[in-house]
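Please read them with the structure open.

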Amino acid sequence: LVVFLILLHHAHSYCMVTPDANGHVSAEMLSNASVTTIGTSATWYQGYTYLSTGFYQCSTLKSIEISADITLIGYGAFYQNTALISVDFSNATALETIGSFAFSSTTALTSVDFSGATNLTSIGRYTFEYTALKSVTLPDGLETIKAGAFSRTALTSVTIPGNVISIGSTAFSSATALKSVDFSGATVLKT
């Protein structure tokens, strides 16, 4: 029964805010819709979490600006959104967590701007797996990069910020273009 419900859930795409004619959702559109979280987690069978909605397979979304009201981007919120090219976090001052698989399999995603995500402390498991990200500047307040977070991307180099305490196993696995990881500022890194 659980498997059937999950398959039924995944049979349709979902756009919690309808993109404009250019496939864009602005920070203002999210604020006007009173959105404070994108996707939520739902627990089932022995504590495993399944994909939440948000912009799951929203085929018309090409770019999004995360508003200052957003505190959480939940598990699988943009999963398999193959049209999504860029995510702008420059206004995302309240964002604390990006959940596991949030942007996984968004295969056209090439640009992520974390410049305003000053309160972001955690990037979940396999969050950006199977994306076309070539470069990323991680926010200074980031503390945790979980397993597989940037696996199977097109990243060529990464600088680990000074507040990172933990990097999960396989965080950058199968990122075959990755030539360098700079740990020089990561003075509190434990694992």
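1. Which residues does glycine 168 touch, not counting residues up to four places away in sequence? The answer is Ile145, Lys146 and Ala147. Glycine 168 itself sits in the loop between strand 13 (166-167) and strand 14 (180-182). Its C-alpha is 4.3 Å from that of lysine 146, although the two are 22 residues apart in sequence.

2. Please keep in mind that this is a predicted model. The mean pLDDT of the protein is 83, and 83% of its residues reach 70 or more. In residues 1-11 the pLDDT is below 50, and this stretch has 11 contacts in the model beyond near neighbours in sequence. Residues 41-51 also have a pLDDT below 50, with 21 contacts in the model beyond near neighbours in sequence. Where pLDDT is low, the predicted coordinates should not be read in detail.

3. On the overall make-up, the protein has two helices and 14 strands. Of its 191 residues, 43% are buried. Among contacts with a separation of 6 or more, 50% are between residues 24 or more positions apart. The protein exposes about 9000 Å², and carbon and sulfur atoms supply 53% of that area.

4. The largest nonpolar core has 43 residues. Those that touch the most other members are Ile73, Phe89, Phe103, Phe114 and Phe150. In soluble globular proteins, nonpolar side chains tend to be buried together.

5. Isoleucine 38 is buried, with a relative accessible area of 0%. Isoleucine 38 and phenylalanine 55 are 17 residues apart in sequence, and their C-alpha atoms are 7.9 Å apart in space.

6. The structure holds 10 aromatic pairs. In one of them, phenylalanine 78 and phenylalanine 103 are stacked, at 4.7 Å centre to centre and with 10 degrees between the planes. This pair links distant parts of the chain, 25 residues apart. Phenylalanine 78 is in the loop between strand 6 (72-73) and strand 7 (86-88), while phenylalanine 103 is in the loop between strand 8 (97-98) and strand 9 (111-113). Both phenylalanine 78 and phenylalanine 103 are buried.

7. Why is the pair of phenylalanine 128 and phenylalanine 150 described as stacked? The ring planes are at 10 degrees, with the centres 5.3 Å apart, so the pair falls in that class. Phenylalanine 128 lies in the loop between strand 10 (122-123) and strand 11 (144-145), and phenylalanine 150 in the loop between strand 11 and strand 12 (157-159), so the pair ties together parts that are 22 residues apart in sequence. Phenylalanine 128 and phenylalanine 150 are both buried.

8. The aromatic pairs can also be viewed as a group. Ring pairs link Phe55, Phe78, Phe89, Phe103, Phe114, Phe128, Phe150 and Phe172 into a cluster. Phe89, Phe103, Phe114 and Phe150 from this cluster are also among the residues that touch the most other members of the largest nonpolar core.

9. How many salt bridges does a search of the whole structure find? The search finds one. The partners are arginine 152 and glutamate 129, with the closest N and O atoms 2.8 Å apart. Arginine 152 lies in the loop between strand 11 and strand 12, and glutamate 129 in the loop between strand 10 and strand 11, so the pair ties together parts that are 23 residues apart in sequence. Arginine 152 counts as partly exposed because its relative accessibility is 33%, whereas glutamate 129 is buried at a relative accessible area of 7%.

10. Two backbone angles deserve a look. Serine 105 has a phi near 65 degrees, a positive value in a residue other than glycine. Serine 105 is in the loop between strand 8 and strand 9, and is buried, with a relative accessible area of 14%. Tyrosine 126 has a phi near 55 degrees, again a positive value in a residue other than glycine. Tyrosine 126 is in the loop between strand 10 and strand 11, and counts as partly exposed at 21% relative accessibility.

Terms used
Residues numbered from 1 in each chain as written. Predicted model: local features only at pLDDT ≥ 70, side-chain atom pairs only at ≥ 80, totals over all residues. Heavy atoms only, no water. Helix = DSSP H or I, 4+ residues; strand = E, 2+ residues; numbered from the N terminus. Contact = heavy atoms within 4.5 Å. Phe/Tyr/Trp six-rings, centres within 6.5 Å; stacked < 30°, edge-to-face > 60°. Buried < 20%, exposed > 50% of the residue type's maximum accessible area, 1.4 Å probe, protein only. Salt bridge = Lys/Arg side-chain N within 4 Å of Asp/Glu carboxyl O. Areas by Shrake-Rupley, 256 points an atom, 1.4 Å probe, with all protein chains shown as cover. pLDDT = per-residue confidence, 0-100. Core = buried A, V, L, I, M, F, W, Y, C linked by side-chain atoms within 4.5 Å.
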